[in-house]
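Me: Here is the model I want to go through. Start with the helix packing, please.

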Amino acid sequence: MKRKRNVLSAKQKLEILQKLHNGESASSDAEDVLNEGNTISHSAALQSVETLLDYMGQRGFYYGDITAVHKICLDIRQEMNKQQKQRRITDFFKH
């Protein structure tokens, strides 16, 4: 069974990029949209954020903005690793 995923529209992504460019925080905006229904998977989120990093690098965004987005990648990877470790522990005790 396929889960419905909420993703940011192009307009929402542009608004968030504009906020970042203006020095504003946009993380809560993205979280609000993504948490309206089912959340996206960590791997899908990571892929989206990495794509955004590539875009920002090509367009010459401010280094601080790129660093903030890179931190999001690290946070996603850390959460993925934590969940994977928890699954391994759970699987170990199941057998």
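**Helix packing and surroundings**

Reply: Helix α3 (residues 42-58) packs against helix α4 (residues 63-94) at an angle of about 160 degrees, and their axes are 10 Å apart. Axes are lines fitted to C-alpha atoms, for helices over the stretch in contact, and angles run from 0 to 180 degrees between N-to-C directions. This is a predicted model: local features need pLDDT of at least 70, side-chain atom pairs count only at pLDDT 80 or more, and totals for chains, interfaces and linings use all residues. Residues are numbered from 1 along each chain as its sequence is written, and side-chain values use heavy atoms, with hydrogens and water left out.

Me: How are α3 and α4 oriented to each other, roughly parallel or roughly antiparallel?

Reply: Roughly antiparallel, therefore, for α3 and α4 (the word applies to angles over 145 degrees; under 35 is roughly parallel, 65 to 115 roughly perpendicular, the rest oblique).

Me: Is the crossing of α3 and α4 left-handed or right-handed?

Reply: Left-handed. That means the near helix is turned anticlockwise from the far one by less than a right angle; clockwise would be right-handed.

Me: Which residues meet there?

Reply: From α3, they include His-42, Leu-46, Val-49, Leu-53 and Met-56. Among their partners in α4 are Ile-66, Val-69, Ile-72, Cys-73, Ile-76 and Met-80. Contact means heavy atoms within 4.5 Å.

Me: What's the make-up of the contact of α3 with α4?

Reply: The residues there divide into 12 nonpolar, five polar and four charged. Ala, Val, Leu, Ile, Met, Phe, Trp, Tyr, Cys and Pro count as nonpolar, Asp, Glu, Lys and Arg as charged, and the others, Gly among them, as polar.

Me: New topic. How many aromatic pairs in the whole structure?

Reply: The search finds one. Tyr-55 and Phe-61 form the pair, and it is tilted: 6.1 Å centre to centre, with 55 degrees between the planes. Ring centres of Phe, Tyr and Trp (its six-membered ring) must lie within 6.5 Å; planes under 30 degrees apart are stacked, over 60 edge-to-face, the rest tilted.

Me: Tyr-55 first. What's its relative accessible area?

Reply: It is 34%, so Tyr-55 is partly exposed. Phe-61 has 17% relative accessibility and counts as buried. Buried is under 20% relative accessible area, exposed over 50%, partly exposed in between (1.4 Å probe, protein chains only).

Me: Step back. How many helices and strands does the chain have?

Reply: Four helices and zero strands. From the N terminus on, the order is α-α-α-α. Helices (H or I, at least four residues) and strands (E, at least two) are DSSP runs, numbered from the N terminus.

Me: And how much of the chain counts as buried?

Reply: 21% of its 95 residues. Among contacts in the chain with a separation of 6 or more, 61% come from residues 24 or more positions apart.

Me: What about Thr-67 and Leu-53?

Reply: They are 14 residues apart in sequence and 9.1 Å apart in space, C-alpha to C-alpha. Thr-67 sits in α4 and is partly exposed, at 35%.
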